[in-house]
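Welcome! Here is a short tour for anyone meeting this structure for the first time. Take a moment to look it over before reading on.

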Amino acid sequence: MQGEFFNPKAELLVHDRLRPHWSQSGAIVFATFRCIDSIPKSVMQRWDREKNDWLDRRGLLKSRHWSDVLATLEASIHAEFSKHFNRCREDFLDTCRGRCLLRRPELAKIVGDALMHFAGQRYALGDFIVMPNHVHLLAAFPDEDAMEKQFDSWLHFTAFRIHQTIGEKGHFWQQEPFDHLVRSLAQYEYLVRYIEENPRKARLQPGEYLYHRDQCR
C-alpha cells in the first residue's frame, strides 16, 4: 500500500487525550476500532493496574501513571511493553464479548463501505477486517490532522448508520481508537497476515466477518 514506515528521525506528534497517541505524516498506521461493549470497564481498569506494575517492576514508573511514561521509554522497552499489552487486548477482543452486532453482514457492510468511500483521495487504505465487535485496518494519511478527522468521521458516520438500521440510539464505538505506527516491512507483513488470519483465530465462520484485501499488493 502507499505510505511510509515510521521514521524515528522525522517529526513526531504525541497527543495525550485518553491515552498516549503517536502520529507522523504519511506513516502507515495499524488501527483498531472496537464496539463500546467489547471490553468491560473492569478489564480495562485491570490492564491499567498491570501496565503500572509492569513499568514499576522495571524501575520506570517513579510514582507516575503509565500513560505519562510511555513516550519517554527507550525504543526496545516501548516495543516490549506494546507487544505484551497489545496481545492482551487482541486476544480478549477475539473472544467476541458483547452483542457483536457487526457479525450481521448488513452492519459490517456499512463499516466496510465507509472505509472504502474516500480511499485513494483522503487516505491510502490497505487491508482491513470487520470482526463481530471490532475493526482492524491499515491506512496512511497525509498529515496528523487528516488522520484524526478521518477517524472521527468513520466513527460518527458508521454509528449513525448502524443505529438507523437497528432502530437504536446511544454510543456504538469506544471513541478512542487504538493505533500503532508501522515501523518496518517485516512488521507490515506481520500485520497483513494478522488481519487475514483474525477470523480463523476467533473461530468465525464465513459470513460472520468482512475482509478486504488491498489490491495493490
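The expected span of a helix is 1.5 Å times one less than its number of residues. Keep that in mind for helix α5 below. Please also note that this is a predicted model.

**The sheet**
- Five strands make up an open, antiparallel sheet, and their order is β6-β3-β5-β4-β7.
- The edges belong to β6 (178-181) and β7 (210-212); each has a single partner strand, so one side of each is left without a neighbour in the sheet.
- From one strand to the next, the twist averages 15°.
- β4 (residues 124-130) pairs with β7 in the antiparallel sense, over three bridges.
- Phe-128 is found opposite His-212 in β7.

**Helices on the sheet**
- Helix α5 (residues 144-166) packs on the sheet and touches β3 (28-34), β5 (134-140) and β6.
- The direction of α5 makes about 30° with that of β3.
- Helix α6 (residues 185-201) lies across β3, β4, β5, β6 and β7, and runs at about 150° to β5.

**A closer look at α5**
- With 23 residues, α5 reaches 33 Å from its first C-alpha to its last, close to the 33 Å expected at 1.5 Å a residue.
- Just after α5 comes Gly-167, with a positive phi of about 70°.

Notes
Residues numbered from 1 in each chain as written. Predicted model: local features only at pLDDT ≥ 70, side-chain atom pairs only at ≥ 80, totals over all residues. Heavy atoms only, no water. Pairing = 2+ DSSP bridges. Helix = DSSP H or I, 4+ residues; strand = E, 2+ residues; numbered from the N terminus. Axes fitted to C-alpha atoms, helices over the stretch in contact; angles between N-to-C directions. Contact = heavy atoms within 4.5 Å.
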